[in-house]
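Biologist: I'd like to learn how to read the inside of a protein model. Could you walk me through it?

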Amino acid sequence: AGGPRGTTPGQQLRALFYALLPRESSFRTVEEVPDYVEKSIPFFITFIGLEFAVSWFQKRKLSGRINDGISSLSLGILSRLPDVLFRSVDLISYIYVWNNYRLFELPWDSPWTWYLTLLGVDFVYYCFHRISHEVNILWAAHQVHHSSEDYNLFTALRQSVVQKYTAWMFNLPMALFIPPSVFAVHLQFNLLYQFWIHTEVINKLGPLEWILNTPSHHRVHHGRNPYCIDKNYGGTLIIWDRIFGTFEAEDAKVVYGLTHPVNSFDPIMLQLRPLAHIWNTFWATPGFCNKLSVIFKGPGWGPGKPRLGLPEEIPVITGKEVPFNPTVPAYLNCYAVVHFAVIMDLYTELLGTVTMLSQGTVLLRIGFIIVSLASFGLLMENKSKAGVLEIIRCLVFIGFYKLGYFRSQFPFLDYAYEV
């Protein structure tokens with residue numbers, strides 16, 4: 001262990017299920033740790049296709065919608081764009097504390113260190129995840145992940161841009177004794193494990209339900225039924241919820257999404273609207289202490305209410321809820337899928353070549369990707385001005401593609417892209 005090495009496809013597949021052994025995933029330095037998340041992109045696509053097939057076989061219907069799926073993927077891309085420019089804030093802060101304040105050093109190649117880190121990272125995730133539901137300003141970031149009214153593998157990729165800049169501090173106590181290379185591995189594994197549990201095609205998993213976070217447990221976490229609110233915060237393990245009293249088994253049919261749906265597919269709007277709501281509520285609430293409570297108490301709090309709000313104010317679920325689903329022509333759905341595929345191509349090509357590009361080119365590509373994702377969201381909402389924005393976007397694309405600022409991974413598609 002410890003030499004520079006990549007991962008085989010089999011190892012990468014097992015990484016999705018936290019099923020690699022310590023000797024396969026222990027590294028001396030952070031630089032040697034593979035980017036397991038980036039290498040998992042082909043598996044994400046494969047499993048999404050498999051979920052569609054199984055859902056059709058089980059229920060004779062697909063597991064998601066085009067508009068919601070594109071929105072989820074757009075939010076996933078947005079959440080990763082800062083990492084193109086900057087190293088992960090989790091690792092930067094962790095390495096700083098390790099280099100300057102560590103108390104002692106556990107051996108990086110010991111299986112005991114590996115398993116202790118598994119427990120440590122997952123416990124910290126539970127704590128941060130729970131706080132993100134109970135502190136309004138943190139919920140404003142985390143709610144992006146809960147904003148989908150579908151529940152499928154697309155939803156797993158629906159991530160917040162802001163959340164990573166609030167989570168890093170919770171990991172720092174581990175930096176006093178756990179090597180950064182071990183932490184970097186488990187930080188990725190904990191995230192990857194949570195991909196496959198975002199599905200309805202897997203029911204109960206028998207005795208594993210007592211220990212692991214499973215699709216059934218996580219469906220409850222994503223529900224807006226009153227019995228689902230603030231339950232099942234675990235990442236990989238469900239034991240923390242059982243210990244601290246936040247566990248709830250799946251019972252009545254789960255209705256997904258936020259208690260007060262955002263009703264938008266625009267990824268920029270989904271990221272920023274909750275922050276704008278806090279800003280407006282902050283200024284509209286009288287009293288300095290009340291203003292602080294708007295920020296630091298629960299999203300359901302109001303003057304005279306308990307910290308997390310009143311349970312009876314949670315909207316009742318009737319079972320007749322209809323997801324936000326504006327009607328658009330079929331050709332527009334096809335158009336959005338094709339153009340989103342082009343953006344996915346540009347995004348993955350950017351990831352592979354970022355070290356060889358000038359910072360100006362990188363910023364230009366990132367800006368264009370952001371505008372494109374916002375445009376697709378507006379098209380899916382059938383907004384009146386979406387067509388004008390899309391025409392401008394396409395003209396900009398053609399110009400910069402001809403000038404060589406944008407590039408496909410597949411040169412044989414150059415002419416098709418221009419068409």
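Biologist: Which residues have the most contacts inside the largest nonpolar core?

Modeller: A nonpolar core is a set of buried Ala, Val, Leu, Ile, Met, Phe, Trp, Tyr and Cys residues joined through side-chain atoms within 4.5 Å; buried means under 20% relative accessible area, exposed over 50%, partly exposed in between (1.4 Å probe, protein chains only). Here the largest one has 75 residues, and Tyr36, Phe189, Phe195, Ile369, Leu373 and Phe397 have the most contacts inside it. Helix α10 (residues 180-196) gives the most, nine residues; helices are DSSP runs of H or I, at least four residues, numbered from the N terminus. Domain 1 (11-244) and domain 2 (330-418) each supply at least three residues to this core, with bounds from an automatic or database domain assignment.

This is a predicted model: local features need pLDDT of at least 70, side-chain atom pairs count only at pLDDT 80 or more, and totals for chains, interfaces and linings use all residues. Residues are numbered from 1 along each chain as its sequence is written, and side-chain values use heavy atoms, leaving out hydrogens and water.

Biologist: What is tyrosine 36 in contact with?

Modeller: Contact means heavy atoms within 4.5 Å. Leaving aside neighbours within four places in sequence, tyrosine 36 touches, among others, Leu20, Phe27, Phe189 and Leu192.

Conventions. Helix = DSSP H or I, 4+ residues; strand = E, 2+ residues; numbered from the N terminus.
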